[in-house]
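Biologist: Hello! I would like to learn how to read a structure, one feature at a time. Could we look at one together?

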Amino acid sequence: MLTKTSQTLTYLTAFLYFILGILMFVLPERLAPLFAWKVTGFMTMTIGAWCLGNAFLSWITARRWEWKLVYSTLIYLWLFGILETCVVIAFREKLNLEHPIAWLYLAALLVNDLTAIFGIFDWLRIRPALERFGLEMNGLAFSIVVVFILFVGFLSIYGIIAKIGAFGTNGGIFPEVMSSFTLRSFAVFYLSLTLAMIPHIWDKNLNTLLHHSLASYGLVVIITLAAFAYLSLFNFAQRPGGLMYFGAYLAVGIPLPLAFRKFGTGTRKP
């Protein structure tokens with residue numbers, strides 16, 4: 001496995017995301033005008049949900065810390081920090097750094113980036129091998145992986161290349177108009193999720209997929225809770241695209257507990 005330093009940095013990333021996420025999720029209306037760029041209360045709560053989901057993912061990954069089991073969640077975490085930092089750099093002229101919450105966001109990204117740098121360096125130096133262990137994914141699980149990659153990957157690429165005013169950017173799916181800064185931040189979040197799932201196409205270990213699903217489940221649940229908290233913003237009659245936003249998270253969030261009950265969460269012995 002990777003070194004103790006990488007594990008410690010992963011724990012530290014979890015801690016910073018937890019503190020940032022709690023603040024943004026609990027106080028979205030208060031912190032929205034003070035955040036690092038122009039966002040609404042719902043956007044603030046949603047970004048807070050990302051952070052809380054990342055905190056859980058980082059913590060359980062560092063706790064389990066076995067390469068063959070957790071490598072794909074580490075890939076997601078590393079990509080999230082690096083890509084979100086790239087968005088911040090690209091829109092640096094629009095940054096508002098007058099309040100500590102903005103600095104806390106940048107600090108969390110910085111530690112996430114350090115975790116990625118140390119982790120990648122460890123991987124290049126140690127080259128931990130992937131191992132066949134436990135059960136393999138069946139055809140249904142493989143199909144779900146492929147559909148996830150195609151659907152979320154499409155959303156990410158569209159979010160990266162779409163201009164404000166294009167379909168889905170003016171409240172058609174997400175119920176509020178996004179700035180380019182926010183749109184790109186959402187897009188690279190989805191891109192990180194997509195790229196981290198791609199290795200599961202050839203790595204058929206079911207336990208690895210189950211760990212990835214459990215570690216990511218916090219993202220699904222908490223983002224969905226944020227959407228329900230701002231349910232009044234959705235007008236499904238006039239903007240039915242909002243059903244896609246809810247439906248995507250519910251389609252993942254509802255079946256997973258059944259899978260965990262039947263197959264475990266990645267640590268069950270065959």
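Biologist: Which helix does Thr224 lie in?

Modeller: Good place to start, and keep in mind that this is a predicted model. Thr224 lies in helix α8, which runs over residues 206-229 and has 24 residues.

Biologist: How far does α8 reach from its first C-alpha to its last?

Modeller: The idea is to set the span beside the one expected at 1.5 Å a residue. Here α8 reaches 34 Å, close to the 34 Å expected. There is also a kink of about 35° in α8, centred on Ser216.

Biologist: Is Thr224 buried or exposed?

Modeller: Buried means under 20% relative accessible area. Thr224 has 9%, so Thr224 is buried. As for the helix, 20 of the 24 residues of α8 are buried, so α8 is largely enclosed by the rest of the structure.

Biologist: What does Thr224 touch, not counting residues up to four places away in sequence?

Modeller: With those neighbours left aside, Thr224 touches Tyr249 and Leu250.

Biologist: Now the loops, please. Where is Trp65 found?

Modeller: Trp65 sits in the loop between α3 (41-64) and α4 (67-90). Look at its backbone too: Trp65 is not a glycine, yet has a positive phi of about 40°. Its relative accessibility is 13%, so Trp65 counts as buried.

Biologist: And which loop holds Arg127?

Modeller: Arg127 is in the loop between α5 (100-126) and α6 (139-161). Arg127 has a positive phi of about 50° although it is not a glycine. At 51% relative accessibility, Arg127 counts as exposed, because exposed means over 50%.

Technical notes
Residues numbered from 1 in each chain as written. Predicted model: local features only at pLDDT ≥ 70, side-chain atom pairs only at ≥ 80, totals over all residues. Heavy atoms only, no water. Helix = DSSP H or I, 4+ residues; strand = E, 2+ residues; numbered from the N terminus. Expected span 1.5 Å × (residues − 1). Bend = angle between axes of the 7 residues up to and from the residue. Buried < 20%, exposed > 50% of the residue type's maximum accessible area, 1.4 Å probe, protein only. Contact = heavy atoms within 4.5 Å.
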